[in-house]
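Please look over the sequence and the structure first.

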Amino acid sequence: MTDFKNKVVYQIYPKSFYDTNHDGYGDIKGITQKLDYLAYLGVDYLWLNPIFVSPQRDSGYDISDYCAIDPSFGTMEDLEELITEAKKRNIYLMFDMVFNHTSTEHIWFQKALQGDKKYKNYYIFKKPVDGHMPTNWESKFGGPVWEYVEKFDEYYLHLFDKSQADLNWQNPEVKKELIDIMNFWIKKGIRGFRFDVINLIDKMKYEDDYEGVGKHFYTDGPLVHHYLRELNEESFGKWEGMMTVGEMSATSLENCIEYTNPKHHELNMTFNFHHLKVDYENKEKWTTMPFDFEELKNLFHTWQVGMQQGNGWNALFWNCHDQPRSLSRFGNDKDYPIESAKMLATVIHMQRGTPYIYQGEEIGMTNAYLTDISQYRDVESINYYHILKEQGLPEQKIYEILQAKSRDNARTPMQWNHEGGFSDVTPWIEMNANCRTVNVEDNMKDENSILSYYRKLIQLRKTYLIISEGTYEPYLEEHPTVYAFQRHYQNEKLVVINNFYASETSIYIPHIKDYQILLSNYQTHTLEDCLILRPYETIVFLSKM
Ligand code: TEU
Ligand code: CA
């Protein structure tokens, strides 16, 4: 049995978790102070967004020193204390390795700019083509991917912000540096890695894209697999119990199987984002649209079944620091916050894969609904505010889009108590006013709270092998408002039913009286073969065959 299948990961956005030194920014000591809470919840790993030295143009995804802690988060000693204290509670740390690019303030890039040949070859510099940029690709954060350096009459490549220069993976010296960085952290006691946009590291061809924004020239290139096997062999693969997950941008099922099938010796699991694009109008993020439930169901079934057939493994998640809050997006944060939060949690925790909880999800945190651009902090949101304005969209529509899609929705401070409880000074980004009713303190007092429900989900994973090991089969595929599936393991069967809407509906389950209810978001049930499902009702049934 592979170790990572019965684990649960909790993602911490350190900047917004807990502030202990009164500067309005969350810090490492803040995480250490909240370890008892995380142990109470029952999670095994903490994935921390980058805490390395960074100018913070993209909230730490622009790293200028991979082996030092950014002073705004604390010191190396603070980290060592966190590792030791976490271990006492059987909790291990996963670090975020941003290896597609570095900050332009990194010493390597600075030396490159000074004309040092060795370091120039760490990055991707290209001559203009016919007096133009080398390709017409668009940056993920808006604008071109090329930035001109007059001194060289050359451009450097940045798939993200212009302060994030892409590394040249074809240079063996770059790989060697990155392997040394991983081994440095493993020796410090880090027991897992999340690899940022790792499927973009092989730039296959530098050509103009006449169909899109350039993605197919640099996504899931064949060398990504090769590079991952090298990293595995030279670093994390040598250590017992290291857990690895790759963040895969616009990836394919075939590639995710290859990344995660144990025979390939690449990674344990992958994040893909297809299910989080079902509310994109014409595949465009910066739009608003009610989510397409049929497409969501199809994607879940396709990926669950496909990864199983290829012996791959999914990282399961609704939320992360880049996504709006699932409760506001796929649930109902106004009329059924508790019911729909529990239903969404069931979906993720009962699928085949390893579940990830993003801080605040377990207490029902919602989108921020910020109404003025001065309240936004994220580089992508601010860039797109201006881009949409230039496109002539009315202000009101722009805010509607930002409120639905901005990454800042996920980044408001963790809500510990009625006053917020994140910091005793003004936080770097404002606290959601609903902390008065949505907070850890209240959740902990209530055995029917969302938090209590997450605890049960985690305990069930530790108790029933069918949850970590069982097979996945689609169920009630044609139902217009219910997403359902079955899991099988030995002589057991799990049936997971989820009503995604506020309206009642019915389903037919033959011999339902033979089933035992493992978990539900409603207290009482009248079990008839023709079962009426209430708003956002979720039920997990177990039966022996
Ligand atoms: O995200 C990669 C990524 O592709 C997303 O930012 C995606 O473009 C966005 O959510 C869609 O609008 C990773 C990190 O998670 C993110 O925080 C970083 O900004 C990005 O890489 C660059 O390092
Ligand atoms: Ca602080």
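Q: Is histidine 479 buried or exposed?
A: This is a predicted model, where local features need pLDDT of at least 70, side-chain atom pairs count only at pLDDT 80 or more, and totals for chains, interfaces and linings use all residues. Residues are numbered from 1 along each chain as its sequence is written, chains are lettered from A and ligands numbered from 1 in the order in which they are written, and side-chain values use heavy atoms, with hydrogens and water left out. Buried means under 20% relative accessible area, exposed over 50%, and partly exposed in between, with a 1.4 Å probe and protein chains only. Histidine 479 has 16% relative accessibility, so the residue counts as buried.

Q: In which loop does histidine 479 lie?
A: Helices (H or I, at least four residues) and strands (E, at least two) are DSSP runs, numbered from the N terminus. Histidine 479 lies in the loop between strand 16 (471-475) and strand 17 (482-489).

Q: Which backbone oxygen lies 3.2 Å from a polar atom of the side chain of histidine 479?
A: A polar contact is a pair of N or O atoms within 3.5 Å; within protein, one must be able to donate a hydrogen and the other to accept it, and residues adjacent in sequence count only if both atoms are side-chain atoms. The backbone nitrogen of threonine 481 is 3.1 Å from a polar atom of the histidine 479 side chain. The backbone oxygen at 3.2 Å belongs to serine 506.

Q: What is the strand order of the open sheet of eight strands?
A: Strands of a sheet pair through backbone hydrogen bonds, either parallel or antiparallel. Two strands pair if DSSP finds at least two bridges between them. Here the pairing is parallel, and the order is 13-12-11-5-2-1-15-14. The edge strands, each pairing on one side only, are strand 13 (269-271) and strand 14 (315-316).

Q: Which residue of strand 15 is the bridge partner of valine 9?
A: Strand 1 (residues 9-12) pairs with strand 2 (residues 45-48) in the parallel sense over four bridges. In strand 2, valine 9 has tyrosine 45 as its bridge partner. Strand 1 also pairs with strand 15 (residues 354-358), in the parallel sense over three bridges. There, the partner of valine 9 is tyrosine 356.

Q: Which residues of strand 1 point the other way from Val9 and Gln11?
A: Val9 and Gln11 point one way, and these residues and those on the other side are all buried.

Q: What is the relative accessible area of aspartate 196?
A: Aspartate 196 forms a salt bridge with arginine 194, the closest N and O atoms being 2.8 Å apart. Arginine 194 is buried, at 1% relative accessibility. Aspartate 196 is buried as well, with a relative accessible area of 7%.

Q: How many residues separate aspartate 161 and arginine 57?
A: Their side chains meet in a salt bridge (3.0 Å, N to O). Aspartate 161 is buried at 6% relative accessibility, whereas arginine 57 is partly exposed at 43%. The pair links distant parts of the chain, 104 residues apart.

Q: How much of the accessible area of ligand 1 does the protein cover?
A: An oxygen atom of ligand 1 is 2.8 Å from an N or O atom in the side chain of aspartate 196. Accessible areas come from the Shrake-Rupley method with a 1.4 Å probe; for residues, only the protein chains shown count as cover. Of the 500 Å² that ligand 1 has on its own, the protein covers 90%.

How values were computed. A salt bridge is a side-chain nitrogen of Lys or Arg within 4 Å of a carboxyl oxygen of Asp or Glu.
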